Amino acid sequence: MTPVQAAPDLRVNLGGIAMKNPVMVASGTFGYGPEYADLVDLNQLGAMVVKGIHLEPTRGNETPRTFETASGLLNAIGLPNPGFDGFVKTYMPFLRQYDVPVIVNIWGRTVDEYAEVARRFNDVDGVHGLEINVSCPNIKEGSALFGTDLDMFRRVVDAVRARTRLPVIPKLAPNVGDIRAFACAAEACGANAISLINSFPALAIDAETRRPELANVTGGLSGPAIKPIALKLVWEAARAVSIPVVGIGGIFNATDAIEFLIAGADAVAIGTANFTHPGTAMETVRGIAEYLDRHGLARVGDLVGTLAA
Ligand SMILES: Cc1cc2nc3c(=O)[nH]c(=O)nc-3n(C[C@H](O)[C@H](O)[C@H](O)COP(=O)(O)O)c2cc1C
């Protein structure tokens, strides 16, 4: 009799967040959950990362806010959000119904704002972790970005770490000189995991009008165009730290996700693909299981960081 092969073990522990599989949805591409609940079974996700939350409600940028490029999406949404109170009141009762970890993406315009929004989530039932979006300019100390200035990055992660009991996941910006320095700084500040990459700063121009395609002039590029950049940065960061890594950038199917796992990511997040194909995360979970089975790997962890280089 041929022995029955057990299904591969897809479970991942992301710095204290127990996930049933390694496939998450990326912040800003899946709303706060209800927007996608009629289209996909949210319980099948490894984790859900909600759109960035600030202390107060914000409106975001003028339109046009998005523009489709040859192989990616350019966006300058400007982080519209219902604010901490609005999010907790409107969306948390809905999210608590599901058996899926909720990771809240947070942002601020000063170090104190980041710390304060992190502190407030200590008392919110059903939140499993905080992802820190550092791709925002510091309005108090000039226009330097928290995500590209190593000193400011450290101060934000330190401040958030000091105020929260929840697992902390700084989300790294791709446009830095040495991604390893930011990954190591996050680990040294007590982060439980890191995620990367955020969208890449970019510009699209209408040659006829000689105007930018976005009202904000520049935006962040996401989608297939950034996947090879993201893979390289994930590969570098994962080798530099021992905390778990979430790979993000242009993942549109299981093969893309598997490439990130091979590069060293412990989990992945699907972003832009959710806009064109909401079922991508679920298909990716099935595709990873099928791949592990085909390659005789018992656990998804057996694939992580196996790049033959
Ligand atoms: C429309 C849009 C909104 C986004 N909003 C956020 C956000 O609020 N916070 C954040 O950290 N990242 C945000 N991102 C970045 C994504 O989470 C992700 O890091 C990036 O798009 C790269 O992944 P992708 O190529 O799979 O989309 C947003 C991306 C898009 C396209």
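The legends below describe close-up views of a predicted model, beginning with the ligand and its pocket and ending with some features of the backbone. In this predicted model, local features need pLDDT of at least 70 and side-chain atom pairs count only at pLDDT 80 or more, whereas totals for chains, interfaces and linings use all residues. Residues are numbered from 1 along each chain as its sequence is written, and side-chain values use heavy atoms, with hydrogens and water left out.

**View 1. The shell of residues around the ligand.** The ligand is surrounded by 24 residues, where a residue counts as near if one of its heavy atoms lies within 4 Å of the molecule. Ser27, Lys171, Gly223, Gly250 and Thr272 are the closest of them. Sorted by class, this shell holds eight nonpolar, 14 polar and two charged residues; Ala, Val, Leu, Ile, Met, Phe, Trp, Tyr, Cys and Pro count as nonpolar, Asp, Glu, Lys and Arg as charged, and the others, Gly among them, as polar.

View 2. A polar contact here is a pair of N or O atoms within 3.5 Å. An oxygen atom of the ligand lies 2.7 Å from a backbone N or O atom of Ser27, and a polar backbone atom of Ile197 is 2.9 Å from an oxygen atom of the ligand. In the side chain of Lys51, an N or O atom is 3.1 Å from a nitrogen atom of the ligand. Of the 610 Å² of accessible area that the ligand has on its own, the protein covers 97%, by the Shrake-Rupley method with a 1.4 Å probe.

**View 3. The largest pocket, in which the ligand sits.** A pocket is an open set of points on a 1 Å grid over the protein atoms alone, where a 1.4 Å probe fits and protein lies on both sides within 12 Å along at least five of seven lines; its lining residues have an atom within 4 Å of a point. A molecule sits in a pocket if more than half of its atoms lie within 2 Å of the grid points. Strand E4 (47-53) and strand E6 (72-75) are the elements that give two or more residues to the shell around the ligand, strands being DSSP runs of E with at least two residues and helices runs of H or I with at least four. The largest pocket contains about 1,100 Å³ of space, a volume being the space filled by probe spheres set on the points. Its lining has 47 residues, and those closest to the centre are Asn75, Leu79, Ser135, Asn198 and Ser199. Strand E14 (218-222) gives the most to this lining, with four residues.

**View 4. The second largest pocket.** This pocket contains about 200 Å³ of space, and its lining includes Glu68, Gly223, Phe252 and Thr272. Strand E5 (66-69), E6 and helix H9 (273-276) each supply at least two residues of the lining.

**View 5. Backbone features in three loops.** Most residues other than glycine have a negative phi, and most peptide bonds are trans. The peptide bond from Thr63 to Pro64 is cis, with omega near -5°, and Pro64 is in the loop between E4 and E5. Leu196 and Ile197 are also joined by a cis peptide bond, with omega about 15°. Leu79, in the loop between E6 and helix H2 (83-90), has a positive phi near 55°.

Definitions and conventions. A polar contact is a pair of N or O atoms within 3.5 Å; within protein, one must be able to donate a hydrogen and the other to accept it, and residues adjacent in sequence count only if both atoms are side-chain atoms.
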